[in-house]
Amino acid sequence: MKNPYLPIPMVVKRTQVETADRMLRTLELGFLKEEDEKAFRFVPGQFCELSLFGKGEAPFGIASSPTEKGSLKFTINKAGTVTTALHQITEGQEMGIRGPLGNSYPIELFQGKNVLVIGGGFAFTTLRSLIIYLLQPENRSKVKDITVIYGARNPGLLLYKEELADWQKRSDMKLVVTVDAGDKDWKGKVGLVPNVLEEVGPASENTYAVICGPPIMIKFTFPKLMTLKFPNERIYTSLEKRMKCGIGKCGRCNIGHLYVCKDGPVFSYEQLGKLPKDY
Amino acid sequence: MSLNPATLDKKEFGSFLKQVMQTYDVIAPVELAEGVSAYRKIESPEEISLASHNTQKSAKEAFFPQSEVMFRYEKEGNRTQVTSTEEVNRPRLILASRPCDIQAFSLLDKVFSAKEYTDVYFLKKREKTTIVGFACNDPLSTCFCTSTGGGPFTREGSDIFLVDLGDAYLVEFLTEKGKALSQNEFLREASEGDVARAKKLEEEASKRMNVPVPLDGIETKLDQMLENPFWDRIHEKCLGCGACTFLCPTCHCFDISDEASQKGGQRVRNWDTCLFSLYSMETSGHNPRPSGRERTRQRLMHKFNYFPKNFQKIACVGCGRCILYCPVNFDIRQVISEINEK
């Protein structure tokens, strides 16, 4: 009988501060045991509980793609006890993870369809996983157009800047990066995500939309998707709620009869429409 | 020779138990303080306190303790050695668990033994445990188990079942696990009179049960009630102390936290409750259940709507503890009736 509460031992391979305010840091973790690495199979959209002995655990979406072998990436916003400790951990130190947990983006539904990815701020992590996954040559041929709209409050707060620069150059995807307010070096787009979405105006026909971002962004982007005639069953989002066990036992992350940890974190708007607004 | 049913004289009860304790860890009702009774592992039969009514704390503690160490860890340089506490070595026996609490075990099973993720701490204890049910000859006015699919003499879920006959117990061995205890020198064959007395007690107990609480169709009713002004009113009385959820045999919420020292420590899980504001409070400061309205609603919706949606059963066994021990006399039966009138 496997004990789902025991963390898998990992080692910090690399760390990177992502944003100018130094509040977001990416940890790249390697498996300490080969058998753990082999057994760890995940799909973009899933998450892990990161575990620091003596500090506790907190859930984070997996920011790397299953196509990037050998390690897992997590981007952590410094906010509480565990995340502060995760900002202090250094390369070579050991820690634990539990997972992969939760469901994933409905990748099988994306086959033969266009994919529109809309991200805001530091909610871009599992979207990165999804984009990298879809751009892998074998997977790329399975979906049609990929459009990514990604916004942050200012240029310094954009995640994964090097990759964004690479994606800009690609011909097999369309990337629109925008900021709410630019600075003297910013040559890109300035504008709020909902307005930029309207401007880009992607066709909703044969298209799935995946949207992750702060509640305020979602609130104003959703009506724009409605205007573009996206049906609720083709709009997906990933939710967060306070979690502990991550496996549907401890009770706290429910929205109606569903648990964000076990039945989510990815939900369609069709599903969410039937659930209480308990999030 | 195995006897079934058997009779056990009360004056032999201690000797019988001493024999049982050679093989089993016995978990039985113990009076911890005046008015505070709970199930605890006993070292001697004298510790047992078999009152005529149910314990204050439910028997769920035998599988899901209020505070439980999940693993210990020790740091050696950069390495961390983790030792799980999940193993259960000796067979265990819960003595005199009431039918309502036993029904609750079957509900907890659905949560903790769900195939996708098995809660090893719960399940390993469960598998190693023989359950001795204890008939309620004298149900309280707060009891409503007959409305939730049980009854004061319901044997379902018991491996062995005891009925208090006054000077003796009628002992029924119901499962193979239970029959393992039927070979005991202190048991004698039950007479027809003993069996008839038990039957009579059962009839009397069922007559004493209160008017049924209308629970049929409550799930469907609640489907339409999420935004009903009803919740604005009913939560006003609740102090949010959580006593009802801690004493509830079906409530299973827990928190996980680390207790650390310099070189090591342990990860512990503790009962938690949806009635506390910190329960759902996020680091950002956002709380999806900001007031008593949402928290009271969550407690009742979970029991009578969400749990039935997931497991086809309501998460209430009619034990009445939440009514009996609520400091402000919040009566779940009245709330159910009001929901039915909506």
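# A tour of chains A and B

The centres of domain 1 and domain 2 of chain B, taken over C-alpha atoms, are 25 Å apart. This is a predicted model, in which local features need pLDDT of at least 70, side-chain atom pairs count only at pLDDT 80 or more, and totals for chains, interfaces and linings use all residues. Residues are numbered from 1 along each chain as its sequence is written, while chains are lettered from A and ligands numbered from 1 in the order in which they are written.

**Stop 1: the domains of chain B.** Select residues 6–208 of chain B for domain 1, then 218–341 for domain 2. These bounds come from an automatic or database domain assignment. Between them, 33 residues of domain 1 of chain B are in contact with 27 residues of domain 2 of chain B. Two residues are in contact if their C-beta atoms, placed from the backbone, lie within 7 Å. On the domain 1 side, the elements that give two or more residues are E4 and helix H2 (99–112) of chain B. E4(B) supplies the largest share, nine residues. That side of domain 1 of chain B divides into 15 nonpolar, ten polar and eight charged residues. Ala, Val, Leu, Ile, Met, Phe, Trp, Tyr, Cys and Pro count as nonpolar, Asp, Glu, Lys and Arg as charged, and the others, Gly among them, as polar.

**Stop 2: a sheet in chain B.** Select strand E4, residues 67–76 of chain B. Helices (H or I, at least four residues) and strands (E, at least two) are DSSP runs, numbered from the N terminus. E4(B) pairs with E5(B) in the antiparallel sense over six bridges; two strands pair if DSSP finds at least two bridges between them. Now widen the selection to the open sheet of four strands in chain B, which runs E5-E4-E12-E11 with antiparallel pairing. Its edge strands are E5 (79–84) and E11 (254–260) of chain B, each pairing on one side only.

**Stop 3: the whole of chain B.** Of the 342 residues in chain B, 42% are buried. A residue is buried if 20 or more other C-beta atoms lie within 10 Å of its own, exposed if 12 or fewer, and partly exposed in between, with C-beta atoms placed from the backbone. Of the contacts in chain B with a separation of 6 or more, 71% are between residues 24 or more positions apart.

**Stop 4: where the chains meet.** Show both chains. Their contact takes 30 residues from chain A and 39 residues from chain B. The chain A side divides into eleven nonpolar, ten polar and nine charged residues.

**Stop 5: chain A.** Select 8–100 of chain A for domain 1 and 107–238 for domain 2. Their centres, taken over C-alpha atoms, are separated by 24 Å. The contact takes 18 residues from domain 1 of chain A and 14 residues from domain 2 of chain A.

Finish at A:Thr19, in the loop between strand E1 (8–17) and strand E2 (24–31) of chain A. Is A:Thr19 buried or exposed? A:Thr19 is buried, because 20 other C-beta atoms lie within 10 Å. Leaving aside neighbours within four places in sequence, A:Thr19 is in contact with A:Leu24, A:Gly156 and A:Leu157.
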